Amino acid sequence: MLTTEFKHISVLFGEVMENLHIKSQGVYVDGTLGGGGHSAGICSKLDQKGILIGIDRDRDALAAAEERLKPYCCDKRFVQGNYSDVKELLAGEGIQKIHGAVLDLGVSSFQLDTPHRGFSYMQDAPLDMRMDAESGERTARDIVNGYSKDELAEIIRKYGEERWASRIADFIVKERKKATIETTWQLVDIIKAAVPAAARRDGPHPAKRTFQAIRIEVNDELGGLERAVDEFIDVLEPGGRLCIITFHSLEDRIVKEIFQRRANPCTCPKDLPMCVCGKVSDVKKVSGKPILPSEEELEENPRSRSAKLRVIEKK
């Protein structure tokens, strides 16, 4: 039973639709289905022979998207799973190749605004943060209470790019010795105490980077992304396009580097007069620089401010 309505505003929607070059009878994958915003755009361009495969780890997202996409006539398939397993998930649907795909790596507004999921530092809830709330995987509570001080500092520094990572980790460890840290607001209070007052006055909410870091660790988001980008490129038909929207520098760097490696795979020393490694590019970049939200979108949807879209095409 859904407790919160999906109100997710699809970021860079027009830019994704334009760059996918959607064929009416093509096969397309939305690897991060969420509320189905991008999928609705794709479905609107498909006829009865076109196929949309929506993948999400969250059963609530799948149910909401299925309801939202009912008006469209194309063949719609909803698959619970991790987009990094796209080859396996497609094989389960009897599909080997696709004409395009989109990955929107932002946490959906639904997840942020559903208190019991524990993603938001703005609402009190049990520390969870799992994309798939039914999985038996570790939760944010497990990480906050189980990781060593050095491990906590490392993930907060690496995934949150938080300058006060060591101090935050130290405060977490001291507090959990008194009692287990159970809720988001308990963690927020600890972070606020750890971050000096002068630093709290400027910039984003003091807990933003730490919450991001823990969420990434809980869901293995960066490891999954590295696997997924190559797998999605592998399953594209010639001329097929992959659109990926990132929201922070770590994600964008991974996408940028994999796109670069696939577009220029030669491993020969630069001083060699010609390539002898025999590695040939199978993709081309659609745009050198990432596509950014318009001023209009930034005004309508502040959550889009850090979004970057990169697009690659299979040769």
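In what order do the seven strands of the open sheet lie? This is a predicted model, and in it the order reads β3-β2-β1-β4-β5-β7-β6. The pairing in this sheet is mixed. Two strands sit at the edges: β3, residues 75–80, and β6, residues 283–285. Each of these pairs on one side only. From one strand to the next, the twist averages 15 degrees.

Strand β7 spans residues 308–314 and pairs with β6 in the antiparallel sense. Three bridges join them. Find Lys284, and opposite this residue you will see Glu313 in β7.

Next come helices that lie across the sheet. Helix α1, residues 13–20, lies across β1, β4, β5 and β7. Its direction is at about 165 degrees to β5. Helix α3, residues 59–68, lies across β2 and β3. This helix runs at about 170 degrees to β3.

Now turn to helices that pack on each other. Two packed helices are described by the angle between their axes and the distance between the axes. Start with α7, residues 149–160, and α8. Their angle is about 140 degrees, and their axes are 8 Å apart. Angles over 145 degrees would count as roughly antiparallel; α7 and α8 are therefore oblique to each other. Their crossing is right-handed. On the α7 side, the contact is made by Lys149, Leu152, Ala153, Ile156 and Arg157. The α8 side includes Ile168, Asp170, Ile172 and Arg176. By class, this contact of α7 with α8 has eight nonpolar, one polar and four charged residues.

Helix α8, residues 165–178, also packs with α9, residues 184–194. Here the angle is about 130 degrees, and the axes are 9 Å apart. So α8 and α9 are oblique to each other. Again, the crossing is right-handed. From α8, Arg167, Ile168, Phe171, Ile172 and Glu175 take part. They meet Leu187, Ile190, Ile191, Ala193 and Ala194 in α9. The contact of α8 with α9 has eight nonpolar residues, no polar ones and two charged.

How many aromatic pairs does the structure hold? The count is one. Tyr121 and Phe211 form this pair, which is edge-to-face. The ring centres are 5.7 Å apart, with 85 degrees between the planes. Tyr121 belongs to the loop between α5 and α6, whereas Phe211 is in helix α11, residues 208–219. The pair links distant parts of the chain, 90 residues apart.

Terms used:
Residues numbered from 1 in each chain as written. Predicted model: local features only at pLDDT ≥ 70, side-chain atom pairs only at ≥ 80, totals over all residues. Heavy atoms only, no water. Pairing = 2+ DSSP bridges. Helix = DSSP H or I, 4+ residues; strand = E, 2+ residues; numbered from the N terminus. Axes fitted to C-alpha atoms, helices over the stretch in contact; angles between N-to-C directions. Contact = heavy atoms within 4.5 Å. Parallel < 35°, antiparallel > 145°, perpendicular 65-115°, else oblique. Left-handed = near helix turned anticlockwise from the far one by under 90°. Nonpolar A, V, L, I, M, F, W, Y, C, P; charged D, E, K, R; others polar. Phe/Tyr/Trp six-rings, centres within 6.5 Å; stacked < 30°, edge-to-face > 60°.
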